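Me: Please take me through this structure by question and answer, with the terms defined as they come up.

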Amino acid sequence: MCGIAGLIHRGKSSNVGSELQGMLQALKHRGEDSTGYALYGDTDGKNFIMRFKVGENVGEGSSSIMEDVSVYDERKKIVDQTLNELGAKIVKEERTLPYSLRYEISYDKKDLLEFSQRIESIPGVEILSMGKSLEVIKDLGNAKAVCDRYSLDKLVGTHAIGHARMATESGVDIKSAHPFWGYPFSDVSVVHNGQLTNYWNNRRMLENKGMRFMSECDSELIAVYIAQKMREGASLEEGMKSSLTGLDGVFTYFVATKDSLGMAKDTMAAKPLVLYESDDLVAMGSEEIAIRSVLPQEIDTYDPFDGEVKVWQI
Amino acid sequence: MANLKTNEKKTKAQSMGMHTEVLTGRTQQKFFNPDEAENFYYFGTYDVDFNKRTDLDVKEMSAPEANKEIDNLMSQGYGTIVIKNPQGKHSLGVGILNKLNLIFEGSLGYFGMGSCDGPTVRINGRVGWSCAENLMAGKVVIEKNAGSCFGAAIRGGDLICKGSVGARTGIDMKGGTIIIGGDAGAFTGFMMQRGRIIILGDVGINLGDSMYDGTIFIGGSIGSYGSDAVDAELTKSDQDWLTRKLKVAEIGENFDVSKMKKIVAGKKLWNYDNLEPTEKKGAI
C-alpha cells in the first residue's frame with residue numbers, strides 16, 4: 001500500500017525532521033517495512049552533503065544477506081581513497097550506524113555523474129543522496145524508529161518528503177526503500193505510492209542512455225526518469241508532466257529539489273493524495289491524518305484531480 | 001404485484017432515464033406486509049428521540065471506540081449526536097441502521113458513514129475516500145470537499161457534497177442520488193447501475209464509463225465520455241426533478257438546470273436481460 005507525505009514552508013524554516021516524522025508515523029498502518037526521509041536542511045550551501053551506505057541493515061525482517069561488519073570498514077576506506085582521487089575533501093564525517101555514513105564534502109565540480117559512478121563502482125556502496133541541502137535517510141522500521149535511530153527530530157529546514165513502505169515489488173532492504181535520489185542531480189529526491197507497469201522497458205531505455213538503477217523497485221524509475229528529462233533540458237515541472245504519459249501504471253509521487261516541491265497524480269487518479277495549501281505552508285499526504293499531525297485544527301483540504309501536476313517554491 | 005410493463009409510473013421513470021431495462025426473469029423482490037410488522041426485526045437498530053441531544057468528543061478515541069460509543073448513545077435513546085474533534089479519523093459513523101441526527105464538527109478520513117441505513121448526517125468539514133459507501137437510505141451532507149469513490153455502491157438515500165469530489169464518484173452505485181456542488185474527477189459514474197448523479201461543476205475524463213443504467217446530470221464541462229455513455233434529452237420532468245432536488249439539498253440556488261447535460265447508458269455493452277435463476281443464487 002505505502003504512504004507518502006511532504007511539506008514545504010514558504011518564506012521560513014521549521015523543524016521539518018520532527019514534522020515529517022509525525023506525518024509518516026500517522027501513516028504507519030500503510031506500511032512499516034521501511035521508512036525514508038528526504039530532508040532539505042538549512043545549510044550555508046558551500047559543501048556537498050553525501051549520505052551513503054556501505055552495507056545493508058540485516059536486522060529482523062530484512063531480505064539482505066548478512067555480512068561481517070569488517071567489510072563495512074574496508075568499503076569506507078576505499079570510499080575515502082576514491083574521494084581523494086576525485087579531488088574531493090572530506091570536511092566533516094559522521095558514522096551514525098556501522099553501515100550508514102554522512103560526509104560533508106568540499107568538491108568544486110558541478111557534474112556529479114563521474115563522481116557518483118566512481119563511488120558506486122565500489123561493491124556494496126550506494127550514495128543515498130548528494131546535494132547542498134538534501135539529506136536522504138532511510139532504513140528499516142517505522143517513522144519513529146528511523147527518526148530516533150538517526151536523530152532526525154531536530155533537523156531544521158524548509159521542506160521535506162517521506163515514505164512509509166509496505167514492500168510489494170521488491171525486497172525489504174534500504175536499497176529498495178524510498179526516497180530515491182535523482183541521480184546524478186544534486187538535491188533531487190522522489191517518493192512514490194503506486195505501481196509502474198512499464199518499468200523494465202523504461203529501465204532498459206534509460207540504462208542505454210547511461211542512467212543507473214540501484215534496486216529493482218519500480219519507484220526508482222520515477223527518479224531516474226525525471227533526472228533524465230532534466231538532463232535533456234526539461235524543467236522539473238516539464239519532466240513531471242511528461243511522466244504522465246511516459247510512465248504507465250498507477251501513481252502519486254512527489255519530487256523535491258533544493259528550492260521546490262512537486263506532486264503528480266496519474267490519469268486514473270488511482271492512488272490517494274490529500275492536499276492542504278496556504279500562503280506559508282503546503283502539506284500533503286496519502287491520508288488527511290498525516291496533515292493533521294502538523295495541523296490539528298480544522299483546515300480546508302482537497303484531493304488533486306487525475307493527471308494533475310503541481311509545483312511549489314520555498 | 002404491480003405490473004411494471006403497464007404501470008403509468010413506468011413512463012415517467014423511463015423519461016428520466018430510470019428503470020429502462022426490461023425485466024424478464026423471476027423477481028427476487030420481497031414485499032413488506034404491515035400486518036407482519038411484528039415479525040420483522042432489524043438487528044442493531046434503536047428507537048431514538050431526536051430531541052434528546054448529546055455531544056461526543058472523539059479526540060482521544062480510536063474509530064472502533066467512537067463507533068461503539070455512538071451505538072451506546074443510540075441505545076440510550078439519543079437521537080441527536082454531535083461528534084467533536086473527528087480530526088480526519090477513518091471509518092467513523094459506520095453501520096448506523098436507524099434514524100439519527102448525526103453532526104460531525106470537523107473532517108472525516110476514509111470510509112466515513114459506510115454501510116448506513118437511515119441516519120441524517122451533516123459533516124462540517126471534508127471527507128476522505130469512499131464516504132457513505134453502500135448507503136441504503138438517509139441523507140449525508142458534506143459541507144466541504146470529498147475524496148475519491150464518493151458514494152461507492154450506494155443503493156439509496158441522498159449523498160450531497162457542497163465542494164468538489166475526487167475520481168470515481170458513484171462507482172457501482174445501484175440507486176439513490178449523489179449531488180455535487182463543485183467539480184468531479186475522472187470516471188464519475190463508473191459502472192453505475194441505477195440512481196442519479198448531479199454535478200453542478202465540471203467533470204473529468206471518462207464520464208459514465210461502462211455504466212449499465214442510471215442517469216448523470218452535468219452542469220459544467222465534460223472532460224470526455226467513457227465507453228457507452230451517451231447524451232440524452234433533458235426533459236421537462238428532469239428539470240422539475242432537478243430543481244426540486246437541489247432545493248431540498250440546499251445547494252445550487254438559482255442554478256439554471258435547463259442548461260444541464262443529461263448522460264445515460266448507450267446500452268451497447270451490457271446484457272443482463274436474464275436475471276440469474278433462483279437455483280443458481282441459492283447454490284451460491
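Me: What ipTM and pTM does the model score?
Reply: This is a predicted model, in which local features need pLDDT of at least 70, side-chain atom pairs count only at pLDDT 80 or more, and totals for chains, interfaces and linings use all residues. Residues are numbered from 1 along each chain as its sequence is written, while chains are lettered from A and ligands numbered from 1 in the order in which they are written. The scores are ipTM 0.82 and pTM 0.86.

Me: How are α1(A) and α4(A) oriented to each other?
Reply: Helices (H or I, at least four residues) and strands (E, at least two) are DSSP runs, numbered from the N terminus. Helix α1 (residues 16-26) and helix α4 (residues 143-150) of chain A pack with their axes 8 Å apart, at an angle of about 150°. Axes are lines fitted to C-alpha atoms, for helices over the stretch in contact, and angles run from 0 to 180 degrees between N-to-C directions. Angles under 35 degrees count as roughly parallel, over 145 as roughly antiparallel, 65 to 115 as roughly perpendicular and the rest as oblique, so α1(A) and α4(A) are roughly antiparallel.

Me: Which strands are at the edges of the five-stranded sheet of chain A?
Reply: Two strands pair if DSSP finds at least two bridges between them. The sheet is open, with antiparallel pairing and the order β9-β10-β11-β12-β15. Each edge strand pairs on one side only, and these strands are β9 and β15 (309-313).

Me: Which residue in β11(A) is the bridge partner of A:His192?
Reply: Strand β10 (residues 189-196) of chain A has seven of its eight residues buried, so it is largely enclosed by the rest of the structure. Eight bridges join β10(A) to strand β11 (residues 249-256), and the two run antiparallel. In this pairing A:Gln195 stands opposite A:Val250, and the partner of A:His192 is A:Tyr253.

Me: Is A:Phe254 buried or exposed?
Reply: A:Phe254 is found in strand β11 of chain A. Among the residues that A:Phe254 touches, not counting those up to four places away in sequence, are A:Ile4, A:Ile161, A:Val191 and A:Leu261. Because A:Phe254 has 30 C-beta neighbours inside 10 Å, A:Phe254 counts as buried.

Me: Which strands stand at the edges of the sheet of chain B?
Reply: Chain B has four helices and eleven strands. An open sheet of eleven strands with mixed pairing has the order β1-β2-β3-β4-β5-β6-β7-β8-β9-β11-β10. Two of its strands have a single partner each, so one side of each is left without a neighbour in the sheet: β1 (49-57) and β10 (229-232).

Me: Which residue in β9(B) is the bridge partner of B:Arg196?
Reply: Strand β8 (residues 194-199) and strand β9 (residues 215-218) of chain B pair over four bridges in the parallel sense. In β9(B), the partner of B:Arg196 is B:Thr215.

Me: How many residues of chain B are in contact with chain A?
Reply: The side of chain B that touches chain A has five nonpolar, 14 polar and three charged residues. These contact 17 residues of chain A, and the number from chain B is 22.

Definitions and conventions:
A residue is buried if 20 or more other C-beta atoms lie within 10 Å of its own, exposed if 12 or fewer, and partly exposed in between; C-beta atoms are placed from the backbone. Two residues are in contact if their C-beta atoms, placed from the backbone, lie within 7 Å. Ala, Val, Leu, Ile, Met, Phe, Trp, Tyr, Cys and Pro count as nonpolar, Asp, Glu, Lys and Arg as charged, and the others, Gly among them, as polar.
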